[in-house]
Amino acid sequence: MKTPLHVLLTVSLGLFGWQARAAESQPIKPNIIFLLADDMGYMDVGAYNPKTFYETPNIDALAEKSMRFTDGYAACSVCSPTRSSIMTGKYPPRTGVTDHTGGKRAGKLLPAPHAVNLALEECTIAEALRDAGYATFFAGKWHLGTGKFGPNAQGFAPDLITLKGGYFPSDGKEADSKTDPKSTDLIADEAVEFIAAHKDKPFFAYLPFNAVHVPIGARPDLVEKYRKKQASAPPDAWGTEGANKVRLVQNNAVYAAMIEQMDSAIGRVLAAVQDNGLADHTVIIFMSDNGGLSTAEGHSTSNLPLRGGKGWPYEGGVREPFIIDVPGMTKPGSTCDVPVTSTDFYPTILQLAGLPLNPMQHCDGTSLLPLLEGQSLDRGPLYWHYPHYSNQGGAPAGSIRDGDWKLIEWYEDGRLELFNLRDDIGEKNNLAAANPEKTKELHEKLIAWRKDVHAVMPKPNPDYDPANPITKVKNQPPGE
């Protein structure tokens with residue numbers, strides 16, 4: 001019978017710090033597995049939406065034995081900035097990675113210059129764990145730079161190679177384009193082999209899936225399964241978000257098949273943990289990098305009752321499935337409604353590994369250990385800064401969530417929107433005019449935060465043409 005992690009581990013050294021210690025003498029450090037979905041919406045997961053059209057039994061089972069955060073957020077509504085926040089513990093403006101690496105769209109404003117790679121000077125969570133003796137693993141989507149700025153240079157195995165836009169171990173394996181169009185099964189195959197080969201040494205495995213990003217695709221038999229299910233699903237229905245139409249129902253068979261294929265891959269990784277006798281000391285983290293795609297590029301899913309989706313500052317764009325399992329610490333099936341964000345993973349992982357915090361690095365993250373232990377934590381406000389036009393129709397904006405209140409500032413015209421998320425999760429009722437004091441308070445905090453993180457603001461576009469409102473920027477210099 002396995003000894004549970006809470007017996008093997010004792011709390012020590014600092015208010016919330018803990019060090020892993022074996023029951024007798026040898027220290028034990030927990031393994032860390034970070035599962036990152038790409039563009040998967042909050043309402044796509046059964047654990048968050050029992051009525052979802054999609055099927056996620058393995059993620060749901062993980063949630064049942066974990067702490068499920070109901071108000072967990074990505075640091076941005078698009079991919080690369082959130083990924084930088086996970087790696088660094090910093091808000092995107094501090095790293096300069098404020099848009100996806102190819103983003104250069106202009107409208108009334110010119111988008112702020114942004115970095116197209118994560119600076120090598122950053123000490124990533126992978127480097128911190130590697131330097132503490134952890135084996136590290138990567139397979140999937142990096143999207144924080146190529147060449148010398150790839151994951152090889154940021155704490156992961158030095159022999160990764162590029163395949164289909166991602167990075168994978170250089171063992172000659174490739175995904176079958178018909179049965180595994182998103183390399184989902186390949187990621188799981190590589191992870192399962194890594195886990196078996198490193199069961200006697202602590203490891204950090206980061207699995208950033210390519211699913212469920214467009215172009216959508218999945219194994220043909222799964223697509224056929226959901227085409228049959230689609231016959232009894234609600235027909236297409238549409239609303240509007242700004243100038244864009246927004247999907248109001250979930251019924252996309254190919255998208256559903258892609259989700260199931262990823263969920264099955266996750267199930268195989270979790271089974272490998274169990275089969276190798278590692279379940280009592282392996283931390284599992286699952287989240288998505290931004291909200292579901294609902295307003296453009298195929299309109300894959302609906303995020304209702306959340307408003308908007310990927311590329312928008314509304315809840316549909318930034319509120320994520322956010323699940324953490326620490327064996328022996330997190331109460332199975334527990335939930336937490338404290339607002340938390342992706343910068344918080346870095347210090348949390350350090351403490352789970354029994355390592356000292358590095359506040360100069362993860363300066364925008366807060367360790368979630370107290371919450372995982374069932375204690376209280378005043379996380380403080382969360383902030384967002386997206387000085388760009390998204391591919392999904394969103395315009396440059398910043399926002400803050402403080403308690404139940406959320407304020408959005410649209411940079412084109414300075415328009416402010418204020419919502420009380422406790423009463424209005426769908427962000428339908430703008431309370432800015434009715435609550436001028438709260439609006440002023442939150443706006444001042446947002447402005448002060450932008451100054452603190454050295455956020456770069458967009459500038460007026462001298463060539464703006466209302467007849468052609470969104471254009472590609474030519475020869476814009478990258479951010480520092």
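**Basis.** I worked on a predicted model, where local features need pLDDT of at least 70, side-chain atom pairs count only at pLDDT 80 or more, and totals for chains, interfaces and linings use all residues. Residues are numbered from 1 along each chain as its sequence is written, and side-chain values use heavy atoms, with hydrogens and water left out.

**H2 and H8.** I looked up helix H2 (residues 57-64) against helix H8 (residues 253-275). Helices here are DSSP runs of H or I, at least four residues, numbered from the N terminus. The two axes come within 7 Å and cross at roughly 50°. Axes are lines fitted to C-alpha atoms over the stretch in contact, with angles from 0 to 180 degrees between N-to-C directions.

I then listed the contacts (heavy atoms within 4.5 Å). Pro57, Asn58, Ile59 and Leu62 of H2 meet Asp263, Ser264, Ile266, Gly267 and Leu270 of H8. By class, I noted 5 nonpolar, 3 polar and 1 charged. Gly counts as polar; Asp, Glu, Lys and Arg count as charged.

**Pockets.** I took a pocket as an open set of points on a 1 Å grid where a 1.4 Å probe fits, with protein on both sides within 12 Å along at least five of seven lines; lining residues have an atom within 4 Å of a point.

Of its 20 lining residues, Asp38, Lys141, His143, His213 and Val214 are closest to the centre. I logged 5 nonpolar, 9 polar and 6 charged residues there.

Conventions. Helices (H or I, at least four residues) and strands (E, at least two) are DSSP runs, numbered from the N terminus.
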